[in-house]
Amino acid sequence: MAIAFLFTRWQGFRSLLENRPTLRGKIHLAIIFGIFGIVGTYTGITITPGDVQELFPGNLTYEDAIANSRAIGVMVGGLLGGPITGLLAGLIAGLQRMTMGGFTDVACGISTVYEGIIAGAVYYKMRQRTFTPGVALLTGIIGEFGQMAIILMVAQPFYKALALVKIIAIPMIFANSLGIALFIAIVQAVLENERNIGAVQAQRALGIADKTLSYLRTGLNEDSALATARIIYEESSIGAVAITNQQVILAHVGEGADHHLPGELILTKVTREVLRKGHLEIASNPEEILCPEPHCPLQSAVVVPLANGKETVGTLKLYSVRRQQPDPLMVELARGLAQLFSTQLELGEAERQARLLQDAEIKALQAQINPHFIFNALNTVVSLIRTNPDEARSVLIHLGNYIRQNLKSSLNKWTNLETEIKHVQAYLAVVQARFSNRLQVEINIPQNLYGLNLPPLTLQPLVENAVQHAFKKITEDCHVMIEAVQQENQVQISVQDNGLGIEPQRVIELLHPEKRSDEGIGLNNVHSRLISIFGPQAGLSIQSKPGLGTKVIFIIPMNQ
């Protein structure tokens, strides 16, 4: 328990466990827990001939053996790192035990490797399910029973092995199994606490980002920075908030605002490093902040980059008035805000460029980021943050990719089918999260057609139209199929659903610009652009009957 607690205080150890370990990480874990197993051997209790004679009087000749906690290190390694970690940790601790000699040396070496493999197998079996201390306890019991069996089978002579097992079996099975369960419980409690911290701060960051959206989408300037800094300061319990561009302070709200003034050049070395490297940095004392005011209350800070695409355009700084390393809550809040603000800045820049474009049809499609869809997606993320933070993060990434692709599509006249499919998949990932993966989606696109050139925002509006309008309610029976078929020198692409279908008169209205409605703007724009680029034969074809679903088809020439 003491070692488990110390391990969880070590950031390097926690980082190995927070995500599924790489091969290098597994080897590191194997070394750590192999050494832990060796320590378990040396801290064991020596079973002497006197112990045996006391419990089993008679003329037994007997050599020393060790009742130990070696299994805890090895099996915990396998449970946390998997089969490779368990096997290597078992080899490290087992081979070391064999070098110590004794009539059980070979049996103990074999059983140590066996226990590592058993633990690794449980990790592999449970990788898609919740792993509990109870499972760890049962794994420990199975491993220790196996060790006793191996001692009886391998150690010679048998009567010595039997005498030893009678002494050590019950205490070792009990102590080591309980130790394994407690170790896993402590590690999981710490990791769960950190995940909860991240979830709480992610939710707070989303709330702040929602309030700052209208400001940052105008770009990074003094007005937007001041409004954003005030919102962060009011919504969080931190000493001060500052926002800079690449040269000067744009806004400073909170402690130190009387001398940290907008327009002043950036002095802090940490801030300059963040602008140069584009990575989060921490100032843990006033010397690193470099404030010239001798009585400045700011004692530490977290500085994170604000990016627009791949370029770092400024920084966000969260200050503390306590002279100590910023706590994890503050760091997670800063990191989450920076990611969201960077996305907002990128969206704002993309929107600014979009307004400069003269192509009205592209602009109309670019503007189709449905606010209702975004709000539903954000609500989905908020609901997932506490229960499944990893899925919430995944939904945010897909939402960002979806919005980013919508905006970037207005800058290019051509894209390829692979990019369009990725755009569709990003949209569907958000939809599936909202509807708990009830929507059945099938994509049948031959690999050789992924390079097909076509206008951007051609496929996604058709899929979005099917999801939004084909079904009264998304259930497991709802099905959407996306298909591409090569026909001589052209490719037929279709989006088909098994939904409500469309009335014949409504089909005519959807494909005629003079009868355009807000509901059909997506289909109409795709239809009009295909005709303008490829001719009348390339427009949308809609096959639908009420109650029998809808199939929307268009043709792309292969030699365009």
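Two strands are taken to pair if DSSP finds at least two bridges between them. This report applies that term to a predicted model.

**The sheet**

Five strands form an open sheet with mixed pairing, in the order β9-β11-β12-β14-β13. Its edge strands, β9 (440–444) and β13 (541–544), each pair on one side only. From one strand to the next, the twist averages 15°. Strand β13 runs antiparallel to β14 (residues 550–557), and four bridges join the two. Within this part of the sheet, Ser-541 stands opposite Ile-553 in β14.

| Helix | Residues | Strands touched | Direction |
|---|---|---|---|
| α17 | residues 417–434 | β9, β11 (479–487) and β12 (490–497) | about 170° with that of β9 |
| α18 | residues 460–469 | β11, β12 and β14 | about 20° with that of β12 |

The elements that give two or more residues to the patch are α6 (83–98), α7 (105–125) and α8 (133–154). Helix α6 gives the most, with four residues.

Is Ile-110 buried, partly exposed or exposed? Ile-110 counts as partly exposed because its relative accessibility is 39%, and partly exposed residues fall between the limits of under 20% for buried and over 50% for exposed.

Key: Residues are numbered from 1 along each chain as its sequence is written. This is a predicted model: local features need pLDDT of at least 70, side-chain atom pairs count only at pLDDT 80 or more; totals for chains, interfaces and linings use all residues. Side-chain values use heavy atoms; hydrogens and water are left out. Axes are lines fitted to C-alpha atoms, for helices over the stretch in contact, and angles run from 0 to 180 degrees between N-to-C directions. Contact means heavy atoms within 4.5 Å. Buried means under 20% relative accessible area, exposed over 50%, partly exposed in between (1.4 Å probe, protein chains only).
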